[in-house]
Amino acid sequence: MNEIHKAPSKKLLAVFAHPDDETFICGGTLAKYASEGVEITLVSATRGEMGRRMGNPPYINRETMPAVREKELRRACDSLGIRNLMFLDIRDKTVEFINEDGLTDTIAALINEVNPDVVLTFHEKLGGHPDHCAIGKVTTAAFKHTAHRGSLYFISYGNMMEQPERYGYTRQDVVKIDVHDHLEAKLAAFRDHRCQTEIDEWVWEEDRKALGRFGNYEYFLKGSPTPKSQKPGNLFQ
């Protein structure tokens, strides 16, 4: 488990679509801030029951998958230092069909309850999977509706935001987080999502080789104005 060194003083709310989004996309950053004492609340819209990976060799089915993936997500949260986990209990692959106003209200209520300094979610157009884009769209709307004091950021895949111009953004729109000290926690969380990663041989190689597959940085696109006084390489003011 990632060690907690300081008492919680800041809060981060991450609203994603599936178990494993938190680990595969921004696990290093979540582990970093958890180690610094940030209180992290993770919301997973679904339990990932329609995932195509069933273990290797397959040992789970559609009926057992929700429970297995929830259990694996809870282990990954332990590895990353995430203290609070919530599910919205939306069926996997149906987030885009949920009433937007109702879901926006649900997430706005969560923002008001958690009162986070930072909100992370998917970009509504760059999220890739329809569930990702849908949860990102309503979370962005909820953030705006609450007129929240904190900052909103969109997670991004790999190093795609090393060249933000390709997506219509500038380098000033991107925050680059150094996570190299937290890659062991990220790898542990990858392995916690066992039914989804067993088929990826590199995850189960010796640690040194597996860790070499990770980049040292994770990238976030600004979804709200940030003060000029904010230090580079930091999501918090």
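Me: In β5, which residue is the bridge partner of Val118?
Reply: This is a predicted model, in which local features need pLDDT of at least 70, side-chain atom pairs count only at pLDDT 80 or more, and totals for chains, interfaces and linings use all residues. Residues are numbered from 1 along each chain as its sequence is written, and side-chain values use heavy atoms, with hydrogens and water left out. Strands (E, at least two residues) and helices (H or I, at least four) are DSSP runs numbered from the N terminus. In β5, Val118 has as its bridge partner Ser151.

Me: How many bridges join β4 to strand β5?
Reply: Two strands pair if DSSP finds at least two bridges between them. Strand β5 covers residues 151-155 and runs parallel to β4; the number of bridges joining them is 5.

Me: Through which helix does the chain cross from β4 to β5?
Reply: The β-α-β crossover is right-handed, meaning that, with the strands pointing away from the viewer, the path from the first strand over the helix to the second runs clockwise. The helix on this path spans residues 130-146 and is α4.

Me: Which residue in β4 stands opposite Ala14?
Reply: Strand β1 (residues 11-16) pairs with β4 in the parallel sense over 3 bridges. The β4 residue opposite Ala14 is Leu120.

Me: How many residues of strand β4 are buried?
Reply: Buried means under 20% relative accessible area, exposed over 50%, and partly exposed in between (1.4 Å probe, protein chains only). Strand β4 spans residues 118-122 and is mostly covered. Its buried residues number 5 of 5.

Me: Which residues touch the most other members of the largest nonpolar core?
Reply: A nonpolar core is a set of buried Ala, Val, Leu, Ile, Met, Phe, Trp, Tyr and Cys residues joined through side-chain atoms within 4.5 Å. The largest one has 67 residues. Leu120 has contacts (heavy atoms within 4.5 Å) that include Leu12, Tyr153 and Leu235, not counting residues up to four places away in sequence. The members touching the most others are Leu12, Leu120, Ile135 and Leu235.

Me: How many aromatic pairs does the structure hold?
Reply: Rings of Phe, Tyr and Trp (its six-membered ring) pair if their centres lie within 6.5 Å; planes under 30 degrees apart count as stacked, over 60 as edge-to-face and the rest as tilted. By this rule the number of pairs is 6.

Me: How many residues apart in sequence are the parts that Phe24 and Phe190 tie together?
Reply: Phe24 and Phe190 form a tilted pair, 4.7 Å centre to centre with 35 degrees between the planes. Phe24 lies in helix α1 (residues 21-35) and Phe190 in helix α5 (residues 183-192), so the parts they tie together are apart in sequence by 166 residues.

Me: Is Phe24 buried, partly exposed or exposed?
Reply: Phe190 counts as buried, at 8% relative accessibility. Phe24 has a relative accessible area of 30%, so Phe24 is partly exposed.

Me: What is the angle between the planes of Trp202 and Phe214?
Reply: Trp202 and Phe214 are both buried. Their rings form an edge-to-face pair, 5.6 Å centre to centre, and the angle between the planes is 85 degrees.

Me: Which residues does Gln196 touch, not counting residues up to four places away in sequence?
Reply: Gln196 lies in helix α6. At 7% relative accessibility, Gln196 counts as buried. The residues touched by Gln196 are Asp20, Phe24, Arg53, Met65 and Arg69.
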